[in-house]
Amino acid sequence: RESDHGYIPDKNKYIFSGLKYTESFGREIYNLKTVMELARIVHAEGFCKVDFNSTGDMTVRSGKNINKSARDQQANDFNLDGSKQLHILTGANMSGKTFHLKQVVQTQLAAQSSGMAPAEYAALPLFSKIVYFDRPGNEEGRDLSAFATEIAQWNRILGDLDGKKRALVVIDEPFSSTSPRYQAALTFALIE
């Protein structure tokens, strides 16, 4: 029968604490259901097997964003040269940049977690760290300005990258807590 945490054959026999079942069989049933759901999504959305590489190159043909049904969106290709440390995506407001950036990150996460990607073809490296950073929130505390919050978040991101062999860091609208002039200046300073 269904429960909030997955399939449980007999609620009296398979007691769980949080999401961890105390019985091995109950855990295996839960894991099997998760794998079967992933297989259903992979099949229904037309995922492909990923060719992993050591060059750092990211090549995706007819990639899709997993937040929307594959049938309801236009496929995107992307090619990122692994020998370059920085790629900048620019475009007009409401042109789909954020949707595309999320697609890049989600494709890599799907690939690294399952070996499959929401695309017709995908050749990707493995990353030791994957970061997606969108406009700053106020998670640091209400006593900080939006800019101070963003600086604290940048410090945390940069600290997490220290010593990583290969990291994918995708930043959407860096320094959006300031004016456009300062936003551009701070972005280029950070890149340097």
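**Rings, surface and overall make-up**

Mentor: F175 has a relative accessible area of 4%, so F175 is buried. Buried means under 20% relative accessible area, exposed over 50%, partly exposed in between (1.4 Å probe, protein chains only). Mind the source: this is a predicted model, where local features need pLDDT of at least 70, side-chain atom pairs count only at pLDDT 80 or more, and totals for chains, interfaces and linings use all residues. Residues are numbered from 1 along each chain as its sequence is written, and side-chain values use heavy atoms, with hydrogens and water left out.

Trainee: How many aromatic pairs does the whole structure have?

Mentor: Two. Rings of Phe, Tyr and Trp (its six-membered ring) pair if their centres lie within 6.5 Å; planes under 30 degrees apart count as stacked, over 60 as edge-to-face and the rest as tilted. F133 and W154 make an edge-to-face pair, 5.4 Å centre to centre with 70° between the planes.

Trainee: Where do F133 and W154 lie?

Mentor: F133 is in strand 11 (residues 129–133) and W154 in helix 3 (residues 146–161), so their pair ties together parts 21 residues apart in sequence. Helices (H or I, at least four residues) and strands (E, at least two) are DSSP runs, numbered from the N terminus.

Trainee: Is W154 buried or exposed?

Mentor: Buried, because its relative accessible area is 5%. W154 also pairs with F175, and that pair is stacked: 5.4 Å centre to centre, 15° between the planes.

Trainee: What does the W154 and F175 pair tie together?

Mentor: W154 lies in helix 3 and F175 in the loop between strand 12 (167–171) and helix 4, so the pair ties together parts 21 residues apart in sequence. Ring pairs link F133, W154 and F175 into a cluster. F133 counts as buried because its relative accessibility is 9%.

Trainee: New topic. What about the chain as a whole?

Mentor: It has four helices and 12 strands. Of its 192 residues, 28% are buried. Take contacts (heavy atoms within 4.5 Å). Among those between residues at least 6 apart in sequence, 60% join residues at least 24 apart.

Trainee: And I191, where is that found?

Mentor: In helix 4 (residues 180–191). I191 counts as partly exposed because its relative accessibility is 36%.
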